[in-house]
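This briefing takes up the pockets of one protein model and the strands that accompany them. Please keep the sequence and the structure in view while reading.

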Amino acid sequence: MYNFILNPYPDQRISSCPLCRRRTGQRKIPLLIHVDPRYPIALNCTCKYCIQCDLLVAHKHEIEHLLVRLFSQHSPEVIGNEYLIIGTVEKRAWREGLQQPKAITEIRSQIHDFKLVYSEMRISRPGWYAPDQKPPVLDPPQSSEWVRY
C-alpha cells in the first residue's frame, strides 16, 4: 500500500520527506513485523507520512522499544533477533486481533505489502565543507534496547 523507509537515527526526527523535501504529516498505522524465528507481530506505530510520495517513515528505535516491551513479558529470548517490517495491517483486523488473536492465514486478506521498500535512511554528517567536498555519511548508532543478553 505504501512506500517505506526506516529511520535508524534516534536523535533525528523527520519533518520533511527524504525524497521530495515537502513537509510530512503523521499516520498511526499497524505495521506487520516478522521477528525470527516465527513471531509475526502487528504493532500500531506512529510514522511520518508524505502524501506526495506515499512514503511512510518509521523510527527504528521506537519500533524496537515497542518490541522489547512486548517480548520482555512473553518471550525474552527473542529480544535481539533479526526482524523484518513486512507491510501494514488494516486497522479493523488489528483491533479484532487485540480482542482475540488470530493466525496470519485468517487475516491474510487484510495484510498489505509495501509497494517499495527503501534501504535504511542515511544522513550526512553536519558541519562546514568546501563547495567541492562531499560531506561524509553519519553512521547510525547501534541499538541500545534490541540487543541479545
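Predicted model: local features only at pLDDT ≥ 70, side-chain atom pairs only at ≥ 80, totals over all residues.

**The largest pocket**

- The volume of the largest pocket comes to about 460 Å³.
- Strand S3 supplies five residues, which is the largest share of the lining of the largest pocket.
- When the lining of the largest pocket is sorted by class, 14 residues are nonpolar, two are polar and one is charged.

**Strand S3 and its burial**

- Strand S3, which spans residues 39-50, is mostly covered, with nine of its 12 residues buried, and this strand also contributes five residues to the lining of the largest pocket.

**Pairing of S3 with S2**

- Strand S2 (residues 25-35) and S3 run antiparallel and are joined by 11 bridges.

**Pairing of S3 with S4**

- S3 also pairs with strand S4 (residues 55-59), again in the antiparallel sense, and here the pairing extends over three bridges.
- Cys50 has Leu55 of S4 standing opposite.
- Four residues lie between the strands in the hairpin of S3 and S4, where Asp54 takes a positive phi near 55°.

**The second largest pocket**

- The second largest pocket holds about 390 Å³ of space, and its lining is made up of 18 residues, of which Lys60, Glu64, Pro141, Gln142 and Ser143 are the closest to its centre.
- Helix H1 (residues 60-74) gives three residues to the lining of the second largest pocket, and this is the largest share.
- By class, the lining of the second largest pocket divides into seven nonpolar, six polar and five charged residues, whereas the lining of the largest pocket has 14 nonpolar, two polar and one charged.

Note on methods:
Residues numbered from 1 in each chain as written. Heavy atoms only, no water. Buried < 20%, exposed > 50% of the residue type's maximum accessible area, 1.4 Å probe, protein only. Helix = DSSP H or I, 4+ residues; strand = E, 2+ residues; numbered from the N terminus. Pairing = 2+ DSSP bridges. 1 Å grid on protein atoms, 1.4 Å probe; cavity = no way out; pocket = protein on both sides within 12 Å on 5 of 7 lines; lining within 4 Å. Points joined across faces, edges and corners; volume = space filled by probe spheres on them. Nonpolar A, V, L, I, M, F, W, Y, C, P; charged D, E, K, R; others polar.
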